[in-house]
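Dear colleague,

Please find below the structure that I am handing over to you, together with its sequence. My findings follow directly after it.

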Amino acid sequence: MGVSDNSTGLILAVLSSGFIGTSFILKKKGLKRAAATTGFGAGHGGYTYLQEPLWWAGMITMIVGEAANFVAYAYAPAVLVTPLGALSIIVSAFLAHFLLKERLKRMGILGCVSCIVGSIVIVIHAPSEHTPTSVEEIWNLAIEPAFLIYVAATLSLVAALVMHFEPRHGQTNILIYLGICSLMGSLTVVSIKAIGIAVKLTLEGISQIAYPQTWVFVTVAVLCVITQLNYLNKALDTFNTAIVSPIYYVMFTSLTIIASVIMFKDWKDQSASDIVSEICGFITVLSGTIVLHSTREQEPSTPTGNVTWYDQNPIKSVEEDEHLITVHNSDYFG
């Protein structure tokens, strides 16, 4: 008996989470090394991490994970594939405990378990996949009024976060960077799913290459992925990895499933009990991430408001004391 499409998607999604969870740690170590070398990290607009081999190792690992995820979306619905991203939280949290010395406490382990349990509930009650027969069919779903409203709202929120909130609160509020990543990520997933189905149909002998809609989806996916990576790097460089991972997972998963439900109508043929069970699964995952967040040790912040100048007059005798001037006001560095 052959492996079903849903099983293939499930296996690929699990492998993807393992690679992506590892990539968080490798990229974080690369970012820390780059910041230690130059004193100017990605969170402050620096790009010296591009010279770090560890960051590139993390990037390659993430690409492999995203590739597996890409194929998974071609075989299984988003509401099945996306929640399994919780496994990447577990991987990154445990690796951060050992490699980055970001301690994971017992309640944090309970939070990880809650994430897994919630994801399993979602998977059990996930709807069956209806695979479109062409890119044109997917395009017709994408240009329906409900999804166009979602796209307009998403782009408006991203524009507001980038132009207004990031310059003022980006370094202190984790939701700014991760909000941009997650909003763009929801558009990435629906585009990736469309591309994956197009590739799958093409390999089955029904070419989708000539359709302009295919290339529209490719363009959207590329632009969204570039935006995600840029702001994810800023989030990783600014905040604790074990906090970034679960919050990003909750926001990304929630928005992705909302986008998928609107565009692909995943809940159209589901019973009320299944929908409620999926919502309960999300609440369980959210509870787990809150527990994990609240019990993690915060990463020590680099002091930015405490600088000492040494005022030494060369004509004074060596017996005279140095004059020390210390500034404790962070406004000098805003």
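Throughout this message, contact means heavy atoms within 4.5 Å. The model is a predicted one, in which local features need pLDDT of at least 70 and side-chain atom pairs count only at pLDDT 80 or more, while totals for chains, interfaces and linings use all residues. Residues are numbered from 1 along each chain as its sequence is written, and side-chain values use heavy atoms, with hydrogens and water left out.

Overall architecture

The protein chain has 11 helices and 2 strands; these are DSSP runs numbered from the N terminus, helices being H or I with at least four residues and strands E with at least two. Along the sequence, the order is α-α-α-α-α-α-α-α-α-α-α-β-β. Of the 334 residues in the protein chain, 46% are buried. Buried stands for under 20% relative accessible area, exposed for over 50%, and partly exposed for what lies in between (1.4 Å probe, protein chains only). Among the contacts in the protein chain with a separation of 6 or more, 80% are between residues 24 or more positions apart.

Nonpolar cores

A nonpolar core is here a set of buried Ala, Val, Leu, Ile, Met, Phe, Trp, Tyr and Cys residues joined through side-chain atoms within 4.5 Å. The largest one has 59 residues, and Phe-147, Leu-232, Val-244 and Met-263 have the most contacts inside it. At least two residues of this core come from each of α1 (5-38), α2, α3 (78-81), α6, α7 (145-169), α8, α9 (212-238) and α10 (241-264). The most is given by α8, with 17 residues. Another core, of 11 residues, lies apart from this one and includes Cys-115, Val-250, Val-285 and Leu-292.

Phe-147 is in contact with Leu-141, Ala-142, Leu-187, Val-190, Ala-259, Ile-262 and Met-263, when its neighbours within four places in sequence are left aside.

Packing of α2 against α8

Two packed helices are described by the angle between their axes and the distance between the axes. For helix α2 (residues 53-75) and helix α8 (residues 174-203), the axes come within 8 Å and cross at roughly 70 degrees. Axes are lines fitted to C-alpha atoms, for helices over the stretch in contact, and angles run from 0 to 180 degrees between N-to-C directions.

On the α2 side, Phe-70, Tyr-73, Ala-74 and Tyr-75 take part; they meet Val-189, Ile-192, Lys-193, Ile-195, Gly-196, Ile-197, Val-199 and Lys-200 in α8. The residues of this contact divide into 9 nonpolar, 1 polar and 2 charged, where Ala, Val, Leu, Ile, Met, Phe, Trp, Tyr, Cys and Pro count as nonpolar, Asp, Glu, Lys and Arg as charged, and the others, Gly among them, as polar.

Individual positions

Ser-191 also lies in helix α8 and counts as buried, at 4% relative accessibility. Beyond its neighbours within four places in sequence, Ser-191 is in contact with Phe-217, Val-220 and Ala-221.

Gly-111, in helix α5 (residues 106-124), is buried at 0% relative accessibility. Not counting residues up to four places away in sequence, Gly-111 touches Gly-288, Val-291 and Leu-292. Gly-111 and Ser-287 are 176 residues apart in sequence, with 7.3 Å between their C-alpha atoms.

Ser-254, in helix α10, counts as partly exposed at 30% relative accessibility.

With kind regards
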